[in-house]
Amino acid sequence: MAAPATPGSPAPTPAAPGKLSQGAPRGPPGPPPEPKQLPELIRLKRDGGRLSEGDIRGFVSAVVNGSAQGTQIGAMLMAIRLRGMDLEETVALTQAMAKSGQQLEWPEAWHQQLVDKHSTGGVGDKVSLVLAPALAACGCKVPMISGRGLGHTGGTLDKLESIPGFTVIQSPEQMQGLLEQVGCCIVGQSKKLAPADGILYEARDVTATVDSLPLITASILSKKVVENLSALVMDVKFGEAAVFPSQAEARELARALVGVGAGLGLRVAAALTAMDNPLGRSVGHTLEVEEALLCMDGEGPPDLRDLVTKLGELTSVRCRARGPLPLHLSSDLPAGGALLWLSGQVETQAEGAARVAATLDHGSARGRFERMLAMQGVDPGLARALCSGTPAQRHQLLPGARKQEELLAPADGTVEQVRALPLARVLHELGAGRNRAGESLRPGVGAELLVSVGQRLRRGTPWLRVHLDAPALSDPQRCALQGALVLSDRAPFAAPSPFAELILPPTHTQQ
């Protein structure tokens, strides 16, 4: 990564939106300009001007040291939301946020092994629980910094904390020990890592600037830059239950993440995946842990396994890409097409996916998961029982809900969709989600899908099992859940893969 410019250096020539500045001939250096005050920076961006790297560093520094007032932070965020930022500005903002705190450092020998995956959030998304240990079993080092539930989406940390004893707070030294002995860790963000992001994230939440593309991009990548990765795979969700309803909107974020990553020297690829239906057949903290373990048994829902192997395929071969790469690939490519382009050699087009699948089928991913649990605070006996027990035995070892209630299909038909959003909202009401930061969760609350998309159903067949602590579902909750089941008259069909598209970096970043 390029070193930041020294304070007071001349601002680069302004660039057109989305383009990097080319610079201009320079005469003898003049005296460095005085740093701009915050009101001047806010005015500049408000009026559509371009902030220099020094301007952005000054703003981020003021945010972290407390000299920026809350009203000034909010005003700058709104100016960015309304006026946008070009690629070079977004790179500078991401870098300044990443450098606002501690940087993680690893042994030089690990450089090409350090990889991570990040998701924009979905319903039933337990991919990280499976992918991190699977990649570790493939020889990667995965220092995964994850988050908690946001709105109706479940958080990876909340799911892991449903396992008694699991500790998400780990020091850099403990993280290195985990990577040395296990190959992966899944931890929460320390306040010492990218503290500017924490402050700006809270401000965005109360200033209606959450949906700003440059602010989203900088927030995500600043936390990944401090990990000192060699490669990052982004899972950008789109659909009714995602941040971005349309694939086109998700593609815009994906391209921003890939482009800014390239500007920072970080190889980023972004997968666009559908989030209209829940991923897998379980939603809720302990139920998703159980389903993740089932996937690591070599079993479980095909859509979950498909996404794990596709993302793992991309990550495990990411550093071997050769030759020209396309800007994006779609799921219409023949099997192995994405890997063929990434690896640059036809004979190894399925190697990445096969290696990840083998860790699931042969138990090596599950073995890494057991060791990670034990090193992150879970009693070794419990970790062993969870990873070696039957599904029924695992269910007894994890916190459960007080009762279960099944819903019946209201008519004959083929399952076109199980709408993830109303399902998640009802589970949130039942205690699976938070209404405010720090609120406790009910880890056993959740739902099991008893049907699959494309399956033919008869009226009166149970299609959903709800796990709840309340005496019963309310009539509105039951009505909302029944509305999530979408039936049609067409013949049964194979459910499509949630994997829709892959966005890759420009060829000149693959040096």
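The model is predicted, with local features taken at pLDDT of at least 70, side-chain atom pairs counted only at pLDDT 80 or more, and totals for chains, interfaces and linings using all residues. Residues are numbered from 1 along each chain as its sequence is written, and side-chain values rest on heavy atoms, with hydrogens and water left out.

## Chain

The chain holds 19 helices and 14 strands. Helices (H or I, at least four residues) and strands (E, at least two) are DSSP runs, numbered from the N terminus. Of its 511 residues, 51% count as buried. Buried means under 20% relative accessible area, exposed over 50%, and partly exposed in between, with a 1.4 Å probe and protein chains only. Among contacts (heavy atoms within 4.5 Å) with a separation of 6 or more, 79% come from residues 24 or more positions apart.

## Sheets

Strands of a sheet pair through backbone hydrogen bonds, either parallel or antiparallel. Here two strands count as paired if DSSP finds at least two bridges between them.

An open sheet of four strands runs in the order β6-β10-β12-β8, with antiparallel pairing. Its edge strands are β6 and β8 (403-408), each of which pairs on one side only. In this sheet, S282 stands opposite E448 in β10, and L449 stands opposite L464 in β12.

An open sheet of three strands has the order β11-β9-β13, also with antiparallel pairing. β11 (456-457) and β13 (485-488) stand at the edges with a single partner strand each, so one side of each has no neighbour in the sheet. Helix α19 (residues 475-484) packs on this sheet and touches β9 and β13. The direction of α19 makes about 40 degrees with that of β13; axes are lines fitted to C-alpha atoms, for helices over the stretch in contact, and angles run from 0 to 180 degrees between N-to-C directions.

| Strand | Partner | Sense | Bridges |
|---|---|---|---|
| β6 (residues 282-283) | β10 (residues 446-449) | antiparallel | two bridges |
| β10 | β12 (residues 462-468) | antiparallel | four bridges |
| β9 (residues 413-418) | β11 | antiparallel | two bridges |

## Cavity

A search of the whole structure finds one cavity of 30 Å³ or more. On a 1 Å grid over the protein atoms alone, a cavity is a set of points where a 1.4 Å probe fits but cannot get out, and lining residues have an atom within 4 Å of a point. Grid points are joined across faces, edges and corners, and a volume is the space filled by probe spheres set on the points.

The largest cavity has a volume of about 40 Å³. L93, M97, D197, L200, R204, L215 and S219 line the largest cavity. Two or more lining residues are given by each of α4 (87-98), α8 (195-206) and α9 (213-225), and the largest share, three residues, comes from α8. By class, the lining has four nonpolar, one polar and two charged residues. In this scheme Ala, Val, Leu, Ile, Met, Phe, Trp, Tyr, Cys and Pro count as nonpolar, Asp, Glu, Lys and Arg as charged, and the others, Gly among them, as polar.

## Single residues

A208 lies in the loop between α8 and α9. The phi of A208 is near 60 degrees, a positive value in a residue other than glycine. A208 is exposed, with a relative accessible area of 62%.

N228 is found in the loop between α9 and β4 (231-238). Its phi is near 55 degrees, again a positive value in a residue other than glycine. At 34% relative accessibility, N228 is partly exposed.

G431 belongs to helix α18 (residues 420-432). G431 counts as buried because its relative accessibility is 14%. Leaving aside residues up to four places away in sequence, G431 touches L441 and R442. The C-alpha atoms of G431 and G444 are separated by 9.1 Å, and these residues are 13 residues apart along the chain.

Methods
1 Å grid on protein atoms, 1.4 Å probe; cavity = no way out; pocket = protein on both sides within 12 Å on 5 of 7 lines; lining within 4 Å.
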